[in-house]
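Biologist: I'd like to learn how to read a model like this one. Could you walk me through it, feature by feature?

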Amino acid sequence: MKYSALSLALILLLCGCGDTGSFSRPIRVSVSPTTAQLHGGQSQQFAATVSNTGNTGVQWTLAGQGTISADGLYTAPAEITATTTATVTATSMADLSKSGQALVTLLPAVSVSPSTASVNVAATQQFTADVGLSDTRVT
């Protein structure tokens with residue numbers, strides 16, 4: 001009888017005492033895409049996936065320049081004068097401590113490199129222009 005009581009106790013311990021409702025996985029939030037590169041006025045649609053809960057709603061917030069809509073549409077500011085970043089965050093409505101993020105890199109329409117140069121008399125310096133628009137003519 002000792003062995004069967006000990007065996008039963010071991011089985012209950014390994015099975016979690018039959019209470020399957022007490023274990024829940026933590027809520028997870030992921031945002032896709034995780035990165036984006038945009039120029040002035042361009043937009044990027046972000047999507048959030050919330051796992052391990054029936055409430056999959058999120059609240060979108062933004063740290064940085066631009067705007068984010070209630071459905072995750074990010075729009076860059078019309079003019080970007082220097083490369084900068086913005087962070088898009090989706091926060092779970094089921095657990096406000098759970099969130100996912102995406103990083104948006106905002107690029108100016110035209111960037112010139114090097115941005116500064118010291119040139120001796122009668123010397124030359126080569127500059128390059130990166131044009132991030134469909135019209136790539138530089139004058």
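Predicted model: local features only at pLDDT ≥ 70, side-chain atom pairs only at ≥ 80, totals over all residues.

Biologist: Where does Pro 33 lie?

Modeller: Pro 33 sits in the loop between strand 1 (28-32) and strand 2 (35-39). Pro 114 belongs to the loop between strand 10 (110-113) and strand 11 (128-131).

Biologist: Now sheets. In what order do the strands of the open sheet run?

Modeller: Pairing comes first: two strands pair if DSSP finds at least two bridges between them. Here, an open sheet of 3 strands has the order 3-7-6, with antiparallel pairing. Strand 3 (43-45) and strand 6 (67-68) are the edge strands, each pairing on one side only. Strand 3 pairs with strand 7 (residues 73-75) over 3 bridges, in the antiparallel sense.

Biologist: Which residue of strand 7 stands opposite Gln 45?

Modeller: That's Leu 73. Gln 45 itself is in strand 3.

Biologist: And what does Gln 45 contact, neighbours within four places in sequence aside?

Modeller: Contact means heavy atoms within 4.5 Å. By that rule Gln 45 touches Ser 32, Pro 33, Asp 71, Gly 72 and Leu 73. For polar contacts, you want a pair of N or O atoms within 3.5 Å; within protein, one must be able to donate a hydrogen and the other to accept it, and residues adjacent in sequence count only if both atoms are side-chain atoms. The Gln 45 side chain reaches the backbone oxygen of Asp 71 at 2.8 Å and that of Gly 72 at 3.4 Å.

Biologist: Is Ala 122 buried or exposed?

Modeller: Buried means under 20% relative accessible area, exposed over 50%, partly exposed in between (1.4 Å probe, protein chains only). Ala 122 is exposed, at 81%, and has a positive phi of about 70 degrees although it isn't a glycine. Gln 45, at 40%, is partly exposed.

Note on methods: Residues numbered from 1 in each chain as written. Heavy atoms only, no water. Helix = DSSP H or I, 4+ residues; strand = E, 2+ residues; numbered from the N terminus.
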